[in-house]
Amino acid sequence: MFDSHLIFDSNIGQRKRSETIEGNPACPFCAPDTLENIIDAEDSIILVENKYAVLRGTYQTVLIETDKCDSELSLYDKDHLHSVFQFGFQHWMKMAKGGQFASVLFFKNHGPFSGGTIRHPHMQIVGLENYDYSSRLCDQYFEGITIDQNFGVTFTLSTKPMVGFFEFNVIMEGSKNIETFANYVQTGVHFVLNHYHSNCTSYNIFFYEWKEKIIAKIMPRFVTSPLYVGYGIPQTSTKIEELASKVKDTYF
Ligand SMILES: [Zn+2]
């Protein structure tokens, strides 16, 4: 029997606030020499244990994507983009297959509405001892209009989004074509930040293992719809087709 909720340790959360945001506003990821408990590193890409493990019953790690504090995933050259994804997937899969966790989260927050607190480009890999995220997934969240397809990887816009209104999916059979997969994720993020909505500054990327597939969901973030928060009702939009065509015309 798995847990129904994750428990946030408010004392650690408070210590994080007072030691970073309030106490020392300098970016902790810009000083790799001061990082404790580095797990692995490859050039400027570093996997480190999260100093402030606020979630009980979890193993929280941070993947620092680059040494450039003001960079962002949509700006990486292809070599660096591919290195970040190869490195991230390698560690995500290692934790997922290790048998230690009920499931392993792999995700990225960017911008004020994403839930992230540190600007420096990073992702998180979090092992959950007693929670299986896949129990809340269903096929329809990943169904959508195909924008492009290549080497067994499909780039879609959700027709039945998990939250709404617009969610991009990148769906890969197995884990063979990480480079194509990374390219589509980068395109989705670039579109969200540059062509989607004049003031969209925030997004999340969530990675899932689902029925022999690897899937990334790219969600532009604004204030979450009250219908979703209060009633759990996801929404779609009358502009789905138009938006899918716009992405096609812009990039493919
Ligand atoms: Zn930094």
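The legends below describe close-up views of a predicted model.

View 1. The domain assignment divides the protein chain into domain 1 (10-106 + 115-134) and domain 2 (135-251). Their C-alpha centres are 22 Å apart. Contact between the domains involves 13 residues of domain 1 and 15 residues of domain 2. On the side of domain 1 that touches domain 2, helix α2 (residues 78-97) gives the most, with seven residues. That side of domain 1 consists of eight nonpolar, four polar and one charged residue.

**View 2. The largest nonpolar core.** This core has 50 residues, and V104, V170, V185 and I218 touch the most other members. Helix α3 (residues 178-196) gives the most to the core, with eight residues. The core lies between domain 1 (10-106 + 115-134) and domain 2 (135-251), because both give residues to it. Leaving aside residues up to four places away in sequence, I218 touches E167, F168, V185, G188, V189, V192, Y203 and I205.

**View 3. The open sheet of 10 strands.** The strand order is β1-β2-β3-β5-β4-β9-β10-β8-β7-β6, and the pairing is antiparallel. β1 (38-42) and β6 (144-150) are at the edges with a single partner strand each, so one side of each has no neighbour in the sheet. On average, neighbouring strands are turned by 20° against each other, direction ignored.

**View 4. Pairing of β3 with β5.** Seven bridges join strand β3 (residues 58-64) to strand β5 (residues 122-128) in the antiparallel sense. T58 has L128 as its bridge partner in β5.

**View 5. Helix α3 on the sheet.** α3 lies across β6, β7 (153-158), β8 (168-173), β9 (203-210) and β10 (213-220). The helix α3 runs at about 10° to β10.

Notes:
Residues numbered from 1 in each chain as written. Predicted model: local features only at pLDDT ≥ 70, side-chain atom pairs only at ≥ 80, totals over all residues. Domains from an automatic or database assignment. Contact = placed C-beta atoms within 7 Å. Helix = DSSP H or I, 4+ residues; strand = E, 2+ residues; numbered from the N terminus. Nonpolar A, V, L, I, M, F, W, Y, C, P; charged D, E, K, R; others polar. Core = buried A, V, L, I, M, F, W, Y, C linked by C-beta atoms within 7 Å. Buried ≥ 20, exposed ≤ 12 C-beta atoms within 10 Å, placed from the backbone. Pairing = 2+ DSSP bridges. Axes fitted to C-alpha atoms, helices over the stretch in contact; angles between N-to-C directions.
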